[in-house]
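Work through the following exercises with the sequence and the model side by side, and try each task before reading its solution.

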Amino acid sequence: SSPQRLRVATRAAVLRVAMAAAIAGDHLHTPEEFALVGQLRARFAPEFEARQAAGTDFPCLFGDVALLRVLRGNGNDFEQAAAWFSRCLDKAKECDLDRVVKEMTQKLDEAQTMVPSDSMLPHHEDIKRYVRAVFSAPRQSPSGELINYISFARFDMWAMVTDMEWKYWVEYMYGATVMRMIECDRQSRAQGRLVRVVTIIDVAGCSFGMFNCPRWHQAHSRDLGSFQERVAAEIFGPVVVLNSPWVIQRLAAAFMRFVPERFREKVRLVSGDGTDDAAFVRDAGGEDQLRHLLSVRDSIFDEDTVGGVEVGSTGRWLQKVIPRRQAFQYSVDVLPGQTIEWEFEVLPGGGDALAGESNLVFSADAFWTADGNEMPRAVDVASRLTRPNQESLARGKYISARAGRMRGRCKATRPGILFLKWSNSHSIMRSKAFNFVVSVAEVAPQEPQLHKLEIAAGRTWLSCCMAR
């Protein structure tokens, strides 16, 4: 419809303005700025001399490009920049930043690469249970900016403060910030411009309950609240939040009126995943890269065990706890001829005796990327993403713990994405847990189908059955 096309075009224009505004002023030193850098070195001469003698005058903190970031971050106001740099030195001593810089520099040098990975960061094996990210995507933006993708689908603050040593999170954030400073410094000198990072935050699958943990916020404010703002200057470019609910967008719009324009221009909230905006797709490194980044969200199932149940890729059992008023959706790409099978069971809850038997609403939908069995073209997929095109295969049905294991099967005759959804949105008090497994086979097993659903009148696009 015309209003929908207008909204898409408007959102695309807003994102383009945000990206352009956030990377403005990416040239290296002007003659005036070179002079100011010299004045900074003179003001803190004893510190620079001592560090040069000790071999701790790290380029990411004390090089000419790093000092340019200090100036730009303070509007080229020398006294303001000097005050910030003084606070930076204090924070560096407080946090033993020299040690962190040495460790992260060694990690990057040993890997012999210009592109850091999340596995290089401290306690990555513990943190990846809660934060799935691509620290730096393989391809940069057209202007040379770094691309960072973070999925918050498992960012459960309550679990982080109870199931993990808090110092792991602090040391992880120290390492991530310093690694970014090192990378931006090296890329700036290689590209001959002031390189920043574009941060893409995906909040799909998040719930308010995950973030509403006072203990986490108190500890974070105490240990990390001022860390980044005191040690990292002008390394962060635009921040794009994908799949943000409309409620968040409304609240953010009201809040952002009180934020300085310089920072307000860097943050944009997007209701979808950004794939309907060609300019954003290009700035994110292209369609293939953006699709890869978005797929990271599904990799939350890569651990060996969760809650005592073996989990992993398709074909292995997974376990999920759905907070009250929330839903969980699992997606799998399908090709013509493939058969997708699933099995799940709702688990009894501790409060069933008082609040009634645990149940979830299960449904299945498909998004077709082509009309026939031919492989879709990128332009066709982009066109379909701009309008609702999901087909209901199994309408929502309440499934209780008493029902036991439920099984379903679908055979696809055209390419697309199958979405399996378990909803707990009807529950105002309780979380619900369930186990499930999804597998993909080229040929359907020879078993009787109890129910057969014919999709699209006159043509069988997909057969679907559900049985106990």
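**Exercise 1: a salt bridge across the chain**

The side chains of Asp109 and Arg186 meet in a salt bridge at 2.9 Å, N to O, where a salt bridge is a side-chain nitrogen of Lys or Arg within 4 Å of a carboxyl oxygen of Asp or Glu. Determine which helices the pair links.

Solution. Asp109 lies in helix α7 and Arg186 in helix α10 (residues 166-191), 77 residues apart, so that the pair links distant parts of the chain; helices are DSSP runs (H or I, at least four residues), numbered from the N terminus. Asp109 is partly exposed at a relative accessible area of 41%, and Arg186 is partly exposed at 23%, the classes being buried under 20%, exposed over 50% and partly exposed in between (1.4 Å probe, protein chains only).

This is a predicted model, in which local features need pLDDT of at least 70 and side-chain atom pairs count only at pLDDT 80 or more, while totals for chains, interfaces and linings use all residues. Residues are numbered from 1 along each chain as its sequence is written, and side-chain values use heavy atoms, leaving out hydrogens and water.

**Exercise 2: a helix and its surroundings**

Explain why helix α5 (residues 64-73) is described as largely enclosed by the rest of the structure.

Solution. Of its 10 residues, 8 are buried, and therefore α5 counts as largely enclosed. Among the buried residues are Val65, Leu68 and Arg72. Asp64, by contrast, is partly exposed at 34% relative accessibility, and its side chain meets that of Arg41 in a salt bridge (2.9 Å, N to O).

How values were computed
Helices (H or I, at least four residues) and strands (E, at least two) are DSSP runs, numbered from the N terminus.
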